[in-house]
Amino acid sequence: MRGAFLRRPPMEPIQKIQEIFRDIIGRADITLKPTDTPADIAGWDSVAHINILAAIQDEFAVELSLDEISGFANAGDIIAAITAKTQK
Amino acid sequence: MNRTTMQDIIRYPLDTKLLLRKKKALRAELLARPTQWLDKNIALLGGSTTAELADQLELFLLAHGIRPNIYQSEFGQYWQDAMFGNEALTACPPDIVLIHTTWRNIPRFADIHAAPADTAALLDAEFGRWTQMWQAAAARWGCPIIQNNFDRPDYRLLGNRDIWDHRGRSAFINQLNQRLYAYARAHAQFYINDIDYLAQETGLAAWNDPIYWHMYKYACCLDGIVRIAFSAANIIKALYGKNKKALVLDLDNTLWGGVVGDDGPEHLALGPETPKGAVFSAFQQYCKELKDMGVVLGINSKNDEANARAGLAHPDSVLHAEDFACIKANWEPKDRNLRAMAQELCLGADSFVFVDDNPAERALVQAGMPDAAVPDPGTPEQYVRVLDHLGYFEAAGLSAEDLARADQYRARAQAAAQQDSFVDYGQYLDSLQMEARFTGFAPVYVQRIAQLTNKSNQFNLTTLRCTEGDIQRMAADPAYVCLAGRLADKFADNGIVTVAAAQQQGDALHIRLWLMSCRVLKRGLEDAVRTALLRAARERGVRELVGYYYPTPQNGMVQNLYASLGFAAAGATDNGGTVWRLAVADAADSPLHMRVTYSTGEDNA
């Protein structure tokens with residue numbers, strides 16, 4: 001078991017973000033695609049969205065500005081912003 | 001539900017990240033618990049977005065055994081809803097009104113050209129807007145109102161002048177808060193949720209995160225919302241009698257530094273001479289103050305009793321042996337000691353908080369008594385803060401009864417110790433020199449009576465839960481015979497310990513409410529209540545008493561009460577209850593081992 005765990009590659013940002021979506025929306029079956037918008041994922045409502053963004057900022061230790069948050073149109077935008085900030 | 005989940009929720013510091021991220025899973029786990037839920041309607045009237053607050057409030061209330069049905073006002077409609085009500089609130093009247101407002105809901109502040117008189121007029125007008133709303137809500141729903149006080153912005157137009165110049169926002173908010181507090185002092189059923197403290201604790205900059213207000217119209221950051229929910233839930237659970245009642249303490253390295261049996265009392269770290277000694281003195285002082293508020297103290301320690309008592313006799317010990325209702329200093333497992341203590345003090349397992357520095361002992365007690373709260377108190381210098389922040393003893397409705405409680409429990413433990421030396425139980429009861437005083441539901445007792453209806457579970461025939469408004473309505477209704485009984489004995493005045501209300505319909509008195517505090521079980525007080533009801537029946541020319549018993553998981557002890565009091569079984573009710581009848585003419589008076597007096601209660605303030 002332990003060996004199998006150690007061989008697992010580190011989680012990509014999209015996987016970590018997917019975990020956050022699953023926890024907050026409360027559904028383990030969510031598979032997040034960059035093109036997903038709130039209309040594509042049941043439960044991705046405004047309350048969940050606020051918590052998702054807060055959890056992502058905690059998880060990756062980054063801060064998002066009001067402009068950045070306002071500009072997010074889909075999951076890919078969020079992932080791109082996080083990737084850019086964590087690779088600096 | 002496992003204990004881990006429960007301790008994830010009620011802990012210090014609050015794990016706000018977990019509570020926000022896992023709230024759906026936590027909610028499902030809490031709801032799956034086999035609990036006798038207390039269902040309550042809560043009107044959450046907000047001056048900002050309340051969605052997250054409602055979710056978090058639900059989690060904390062579920063953890064306290066309260067299953068809320070939360071109404072949320074439309075965005076910002078707190079004033080209109082409280083003032084005028086609406087169809088949804090009429091269809092489902094609130095048991096609690098929670099008004100979630102912050103400084104952002106103060107529409108106008110003094111401008112820089114204002115004269116002191118202008119500011120004073122503005123303050124009067126603003127405070128008037130709030131009182132008008134509270135009074136309308138109180139009149140419409142007659143239920144407790146919980147009102148946030150005002151937090152502070154994290155900017156100060158006038159800099160340091162902002163807090164003292166009448167034109168400063170900080171000064172204005174301060175004045176408004178003082179008016180809120182005066183209102184709270186003058187009005188029963190009005191409670192302040194001190195979010196100003198929560199904001200300071202969070203840090204004003206984080207609390208006032210502008211993104212949360214401008215993007216989402218959340219009045220504060222998410223962390224702050226969780227804290228507001230925790231704090232409001234503490235008030236609500238306290239109002240429904242779900243506070244903890246007893247604080248049980250370990251001794252070595254909990255109440256003093258060192259091991260009294262090994263080091264000897266003279267070498268304990270206790271008192272002002274050393275920093276470590278001062279830390280333990282401060283914790284003892286805090287416990288002593290809890291005791292003065294009515295929290296029952298106990299000791300549960302692995303020690304020879306002589307050593308434990310020698311430690312408590314230390315010249316710098318703030319707490320003394322007589323401060324504890326029960327001292328278990330022995331070599332028994334601590335969970336067994338705590339269960340024995342629960343029996344002796346007649347308290348439920350869920351009434352206990354156990355504090356021990358040793359994690360192994362805590363784990364043992366938690367496993368053996370899952371309903372007790374067993375927090376990790378941190379290091380000795382943190383004990384006070386941790387215990388305080390957990391809110392176990394939230395003093396929402398601090399009454400005179402609460403202030404006397406610790407002594408009563410101690411007195412009862414003494415009385416229990418005396419029982420052995422009497423030939424018969426009647427002789428023992430006589431020796432207590434008891435005096436029962438019955439009054440109506442007099443105004444001074446309304447708060448206590450409502451409190452009892454919400455927290456008495458065992459000796460409670462109908463489990464009718466009442467607000468202060470319900471009690472006042474019964475008191476004012478001529479069809480009702482209302483009895484509040486006080487019991488004093490040679491050890492202590494137990495205060496109001498039994499409550500009954502019977503409704504006259506035709507020539508029968510129907511006993512709608514009858515409960516007794518577990519503190520005075522087996523004193524024969526139930527016979528005195530029966531006598532008082534018969535007396536009222538004869539005065540009214542009523543021919544029959546009709547009693548009802550509605551079973552719950554906790555009130556099995558009274559399922560045969562009516563039979564034992566000479567009532568005849570008379571069938572069942574639709575909801576699984578039983579009906580009992582007693583013909584007034586045939587009823588013989590039971591022997592009473594107490595002096596009984598009756599008064600209207602108006603003279604007892």
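**Close-up views of a predicted two-chain model****View 1. The second largest pocket has a volume of about 830 Å³.** The model is predicted: local features need pLDDT of at least 70 and side-chain atom pairs count only at pLDDT 80 or more, whereas totals for chains, interfaces and linings use all residues. Residues are numbered from 1 along each chain as its sequence is written, chains are lettered from A and ligands numbered from 1 in the order in which they are written, and side-chain values use heavy atoms, with hydrogens and water left out. A pocket is an open set of points, on a 1 Å grid over the protein atoms alone, with protein on both sides within 12 Å along at least five of seven lines; lining residues have an atom within 4 Å of a point. Grid points are joined across faces, edges and corners, and a volume is the space filled by probe spheres set on the points. Helix α12(B) gives the most to the lining, with five residues. Helices (H or I, at least four residues) and strands (E, at least two) are DSSP runs, numbered from the N terminus.

**View 1. The largest cavity holds about 460 Å³ of space.** A cavity is a set of grid points where a 1.4 Å probe fits but cannot get out. Among the 30 lining residues, A238(B), L239(B), G397(B), D402(B) and Q451(B) are the closest to the centre of the largest cavity. Helices α12 (222–239), α19 (400–418) and α21 (446–455) of chain B each supply at least two residues of this lining. The largest share, five residues, comes from α21(B).

**View 2. Four strands of chain B form an open, parallel sheet in the order β8-β7-β6-β9.** Strands β8 (326–330) and β9 (352–355) of chain B stand at the edges with a single partner strand each, so one side of each is left without a neighbour in the sheet. Neighbouring strands are turned by 15° against each other on average, direction ignored. Helix α14 (residues 275–292) of chain B packs on the sheet and touches β6 (246–249), β7 and β9 of chain B; its direction makes about 150° with that of β6(B). Contact means heavy atoms within 4.5 Å. Axes are lines fitted to C-alpha atoms, for helices over the stretch in contact, and angles run from 0 to 180 degrees between N-to-C directions. Five bridges join β7 (residues 296–302) of chain B to β8(B), and N300(B) stands opposite K328(B) in β8(B). Two strands pair if DSSP finds at least two bridges between them.

**View 3. Strand β4 (residues 145–148) of chain B is covered on both faces.** I145(B) and Q147(B) on one side, and I146(B) and N148(B) on the other, are all buried. Buried means under 20% relative accessible area, exposed over 50%, and partly exposed in between (1.4 Å probe, protein chains only). Strand β3 (residues 96–100) of chain B pairs with β4(B) in the parallel sense over three bridges, and I99(B) stands opposite Q147(B).

**View 4. The structure holds zero disulfides over all chains.** A disulfide is a pair of cysteine sulfur atoms within 2.5 Å. The sulfur of C287(B) is 16 Å from the closest cysteine sulfur, in C326(B), too far for a bond. C287(B) is buried, with a relative accessible area of 0%.
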